[in-house]
Amino acid sequence: MLSILIPNHNYYVYPLVKAISHQLAQTKINFEILVYDDNSKQQRKKNYTVNQLEHCVFKQLKTNIGRTSVRQLLALNAKFNNLLFLDADVMPKNNTFITRYLNFLDTNFNAIFGGYAYNTSQIKQDSLLRWKYGKLCEEKAATLRNKKPYKVIISGNMLIKKELFILLNSKMLSNVYGLDNYFGALLKENNIAPIHIDNEVYHLGIEQSITYLEKKEQAAKTLLDLYKANKINTHNNDLLSLFQFLKRYKLNYFTSLLYIVTKKILRRNLLGKYPSIKLLQFYRISYMCNSYVKSLKK
């Protein structure tokens, strides 16, 4: 009845699988938990203990194929029509996590998003930027997320129908960061109305600020590439909407110049002790404009 699918790379996933399998065992439903590891170099031996749990499979891929391809492979190999995707670096916030999702199996909703949460005990000086962004921008109550259902799309905690996921995921780009924005746009383009519920997982894999800033740059570039390829026409993405506004009035050139002038100052703040999320948002749009302007010169 339910396939829990977990793509993994260099993360110790056994505690998550154990917690989920324990909750599933209480429900008496048919389930499987598949963990496909994308050729990790770390935690390889420890994660094989997943195979000791009932209805659980840990499989090590021989080559690194990227998160998008791993998720597609998981979906294709899943036994059941209901797919619960979880990132490896999460943990359910409560012990009713599975039962809350089970309440939606027989509804007309084809995509259900549970949301992310962040624990104050996770705060570390060198990863403040990621934690603060998650706390302010991702940890949103379902009532807020449902007002703009395509905006806060976090596929690391998502229940979705198998056929729908395979269709949408097949359109994704491989091995790039920031595709949740595109996934939300594809849902909207295909007139799939998602529902958001308060069924959060704690996001435990908090990257260092420098790593996360690089990922946000990659996400902005991914969004720009999708826009230039005319693949993202309907969306609720604030960053892309702002870029389109600036471009329409030729302000993207000025914003690109601001990036060049302020880049060092902005990065000093974002990688420091008191990172500003407002400055991060300005950094993202100015970086995006600068990338676009540079692409015109090639």
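Select F183: apart from residues up to four places away in sequence, F183 touches F113, I153, M158, I160, F165, L168 and M172, where touching, or contact, means heavy atoms within 4.5 Å. The model is predicted, so local features need pLDDT of at least 70 and side-chain atom pairs count only at pLDDT 80 or more, while totals for chains, interfaces and linings use all residues. Residues are numbered from 1 along each chain as its sequence is written, and side-chain values use heavy atoms, with hydrogens and water left out.

Together with F183 they have the most contacts inside the largest nonpolar core, which has 51 residues. A nonpolar core is a set of buried Ala, Val, Leu, Ile, Met, Phe, Trp, Tyr and Cys residues joined through side-chain atoms within 4.5 Å; buried means under 20% relative accessible area (1.4 Å probe, protein chains only). The element that gives the most to this core is α12, with eight residues. Now select Y14, I20, F58 and W131: they are among the 38 residues of a second, separate core.

Move to the strands (DSSP runs of E, at least two residues, numbered from the N terminus). β5, β10 and β7 form an open sheet in the order β5-β10-β7, with mixed pairing. Strands pair if DSSP finds at least two bridges between them. β5 (90-92) and β7 (116-117) are the edges, each with a single partner strand, so one side of each lacks a neighbour in the sheet. β7 runs parallel to β10 (residues 201-203), joined by two bridges. Select Y116 to find V201 of β10 opposite.

Terms used
Buried means under 20% relative accessible area, exposed over 50%, partly exposed in between (1.4 Å probe, protein chains only). Helices (H or I, at least four residues) and strands (E, at least two) are DSSP runs, numbered from the N terminus.
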